[in-house]
Amino acid sequence: AGETQTYLYDMSEGNAQMRGLLGGKGANLAQMKRLGIPVPDGFTVSTAACIATTEAGGEWPEGLWEDVLASLARLEERTGRTLGGERPLLLSVRSGAVVSMPGMMDTILNLGIGEDTVEALGAEADNPRFAWDSYRRFLQMYGEVVEGVAPHAYEDELTALKARRGVEQDTDLRTEDLQELVQTYLEVSRRELGRDLPTDPRDQLRGAISAVFNSWDTPRARVYRRANGIPDDLGTAVNVMQMVFGNRGDTSATGVCFTRNPSTGAKELYGEFLVNAQGEDVVAGIRTPKPLGEMEEVLPEAYAQLVQTMHDLEAHYKDMQDIEFTVEDGTLYLLQTRNGKRTAAAALRVARDLVEEGVLTREEALQRVEPGQLDQLLHPAIDPEHGRSPVTKGLPASPGAAVGEVVFDADTAAARGGAGEPVVLVRYETTPDDIHGVIVAQGVLTAHGGMTSHAAVVARGMGKPCVAGASGIRINTADRTLTIGEHTFAEGDLITLDGSTGEVYGEALELVPPQINEDFEAIVTWADEVRRLGVRANADTGEDAAKARELGAEGIGLCRTEHMFMASDRLPAVRQMILAETEEDRAAALETILPMQQEDFEAIFTAMRGLPVTVRLLDPPLHEFLPDLVEQSLLVQRLELTDGDPAELTTARALLGQVKRLHEQNPMLGTRGCRLAMLYPEIPEMQTRAIIRAALAVREREGETAGVEIMVPLVAYASELRAQRAVVERAVAEELESAGAELDVTVGTMIELPRAAVVADQIAQHADFFSFGTNDLTQTGIGISRDDAEGGFLSAYVSEEVIPHNPFESIDRDGVGGLVRLGAEGGRAAKPDLKLGVCGEHGGDPASIGLFEELGLSYVSCSPYRVPIARFAAARAVL
Ligand code: ADP
Ligand code: MG
Ligand code: MG
């Protein structure tokens with residue numbers, strides 16, 4: 001083939017490091033051969049050949065076929081057999097992706113059997129039945145995989161034959177039966193295709209390799225890749241190997257095993273096998289496989305060798321292995337090994353045990369656990385043994401399980417949930433107004449909205465299970481019922497949500513407690529030794545702060561004060577403050593609020609004694625505190641029409657006037673953040689006083705208080721921060737002076753607008769720290785409204801692959817990440833040791849944490865329940 005690159009590798013040329021070219025399966029087969037483990041001989045067509053073929057629209061690159069023939073000739077030479085010859089060589093043609101995609105792609109077994117070779121094979125094995133069994137298997141596989149014949153076309157004939165013979169098992173069919181079946185299969189193929197299957201084994205080989213190439217791009221393979229974040233351009237390798245036969249009689253077998261239990265991680269024998277069987281028989285469920293332990297009696301020597309090989313492979317790869325094997329006439333062959341997929345609990349246990357066994361260092365062990373997977377462990381789970389069917393399915397928006405009685409509005413949820421009854425809040429969608437209901441509910445089910453919908457974000461933040469966007473549910477507000485398919489649920493009926501799968505059950509299922517066990521503790525503690533990034537939590541209450549500390553938070557990176565304003569006993573005072581027409585009125589309202597705020601801060605500072613707490617000054621989308629414009633207009637109209645209480649009408653009119661005055665077309669780009677504080681500096685002043693008084697009170701009472709960091713939100717101009725800093729510093733000075741006390745207080749700002757990132761050097765002049773508010777920075781940087789885009793074009797963008805993922809879930813590295821980089825560089829240029837943090841959803845996202853580590857930020861801050869994951873991901877980011 002002259003100039004063309006090498007597409008073909010004999011098995012003896014490969015090793016485990018070559019998975020990019022040989023695929024995982026091919027690389028590991030070659031490695032096993034190197035280790036002296038018995039593996040059938042063969043060669044691998046590289047991923048490069050698959051990529052070249054895919055790019056050429058299915059046409060093979062020049063020279064590839066000649067290379068395949070040359071490799072085949074060498075294999076024939078080594079085995080002393082020939083494809084289609086008198087001493088027939090039979091082949092398996094197997095897909096092998098770079099990243100394992102179990103069962104997603106195609107494999108063809110027994111290639112090389114046909115009219116001319118079946119007798120020879122039977123004679124050689126002294127077992128004609130086995131040869132005919134292999135033949136019928138080949139026809140079915142080739143017809144289905146290469147020619148696209150519908151599987152049932154063959155399967156129906158097999159079932160019919162077994163019925164005619166009155167037998168249940170394939171293995172009960174005799175040679176004559178199988179001969180008859182082969183004839184039937186040939187006819188089925190002719191009928192389905194309108195022609196015969198190719199009979200020349202070289203044509204078949206070419207067809208099989210092409211089919212494996214094509215299986216890279218099937219819809220299911222694409223879906224799997226998207227779900228698992230595997231790139232679409234890696235291609236698959238094709239492994240062509242000599243067949244070994246597990247169907248040669250009672251001294252032959254095939255099976256799969258794990259070196260440890262993949263559910264629990266326990267070091268125990270785990271696997272299944274079948275005597276006189278081949279390939280997929282074990283997983284296909286036609287015959288029930290036997291536990292691996294029983295192999296000791298049936299095939300003692302092969303068994304002993306397998307157990308030893310399992311041990312050797314695990315020691316070599318230093319990880320739990322998932323192994324496929326076949327025994328041919330008493331001789332063991334390994335057909336595949338790979339690092340086994342496992343639950344989060346198993347991942348932790350295996351990693352920890354391997355360290356204790358001296359196989360891995362702690363750092364290596366950390367790399368064996370997927371940060372995202374740890375999520376599974378932080379929530380109560382449905383008992384896996386439940387055996388019930390879901391009534392519908394939505395998006396798995398927040399993991400964990402919730403059992404409770406259906407309620408349809410937040411007030412009912414708050415009343416009943418607050419009284420200790422387990423309730424599940426079911427809404428078309430949730431708004432910030434529902435927060436009180438969400439807080440006390442076991443879980444949330446919505447008909448509308450996606451993975452970053454309000455309900456989902458709030459639920460995740462609270463570690464509360466949520467199934468969102470369950471479009472199969474109908475909420476009938478009039479008669480307060482919920483219809484799912486043929487089931488109808490009244491308020492008070494029990495349902496169960498599985499937030500990890502999105503499944504909804506129409507009854508109460510048993511729950512098992514979250515698995516924060518010793519393994520988890522141990523591993524996250526190792527992570528702490530490795531990571532450079534600090535990990536803080538976002539918390540707005542003393543309770544959340546305490547939880548965060550328990551989960552390892554090293555402070556609070558974001559304490560939002562507007563949530564404190566939302567509580568029902570405060571809302572009237574807050575409204576009064578916003579609507580105040582005179583300074584005195586406003587001052588009066590603020591006087592009422594100050595002690596309430598102080599009380600909140602005291603709880604938080606007490607929980608976080610000795611650790612820093614960043615308090616963000618009020619960042620209000622004002623409309624959230626006010627009645628809706630339309631509703632208020634209607635109220636006024638109604639009062640006017642019904643000649644209602646004149647005093648009530650006057651108040652309602654005044655309120656309407658204010659609502660109109662404050663009404664904004666784009667409240668999210670309106671009087672938010674420091675903009676309100678610039679208009680009414682008495683608000684940040686009051687907040688600062690409350691903060692300082694709280695800090696001093698806690699120090700007085702507890703002997704120690706939290707480190708106070710005051711943060712100004714939504715700054716775009718350096719002059720805003722300069723002005724706000726002056727207000728804050730003055731209030732701090734006055735409070736400290738009147739208390740006769742001293743306290744270190746730092747003042748910093750959020751960087752959450754593109755302009756702020758660009759002029760970060762100017763802003764840094766007035767800042768002791770920056771905290772990147774990546775939620776708003778995503779919203780303003782890309783120009784996507786976080787509350788509206790969901791379900792609309794953004795979902796379409798993700799599913800159509802216009803963009804790789806939802807930028808609110810995982811940071812947009814190039815764009816928004818670029819703004820963070822700019823802000824960090826600008827800030828540091830002005831102040832080399834400026835502290836740089838991140839708050840917002842991305843602070844708990846492992847992929848985003850990787851970027852923040854690269855940028856050398858100081859800490860990330862995330863919701864309390866994600867703290868262990870962030871600690872772990874921060875360690876992974878430096879390894
Ligand atoms: P998958 O990726 O779907 O597991 P494989 O390529 O591993 O597909 O093949 C599936 C099964 O086919 C294997 O588990 C094994 O039982 C059987 N098989 C593959 N190659 C051979 C071979 N050379 N000899 C005997 N059986 C084989
Ligand atoms: Mg396999
Ligand atoms: Mg913000």
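Helices α5 and α8 are oblique to each other, a class that takes in the angles left over once those under 35 degrees are counted as roughly parallel, those over 145 as roughly antiparallel and those from 65 to 115 as roughly perpendicular. The axes of α5 (residues 128-146) and α8 (residues 201-215) come within 10 Å and cross at roughly 50°, where axes are lines fitted to C-alpha atoms, for helices over the stretch in contact, and angles run from 0 to 180 degrees between N-to-C directions. Helices (H or I, at least four residues) and strands (E, at least two) are DSSP runs, numbered from the N terminus. The contact involves Tyr142, Val145 and Val146 on the α5 side and Gln204, Gly207, Ala208 and Ala211 on the α8 side, two residues being in contact if their C-beta atoms, placed from the backbone, lie within 7 Å.

The model is a predicted one, in which local features need pLDDT of at least 70 and side-chain atom pairs count only at pLDDT 80 or more, whereas totals for chains, interfaces and linings use all residues. Residues are numbered from 1 along each chain as its sequence is written, and chains are lettered from A and ligands numbered from 1 in the order in which they are written.

The protein has 35 helices and 31 strands, and its C-alpha atoms fill a box of roughly 105 × 65 × 50 Å along the principal axes. Of its 879 residues, 50% count as buried, that is, with 20 or more other C-beta atoms within 10 Å of their own, against 12 or fewer for exposed residues and a number in between for partly exposed ones, with C-beta atoms placed from the backbone.

An unreviewed UniProt entry places the feature "binding site" at Glu752 and Asp776; UniProt positions are given in the numbering used here, feature names are shortened, and annotations may be inferred rather than shown by experiment. Although these positions are spread over 25 residues of sequence, they cluster in space, with a largest C-alpha distance of 5.4 Å. Glu752 is found in the loop between β28 (745-751) and α28 (754-758), and this residue counts as buried because it has 28 C-beta neighbours inside 10 Å. When neighbours within four places in sequence are left aside, the contacts of Glu752 are Leu714, Gly773, Asp776, Leu777 and Thr780. Asp776 itself lies in helix α30 (residues 774-783) and is likewise buried, with 21 other C-beta atoms within 10 Å.
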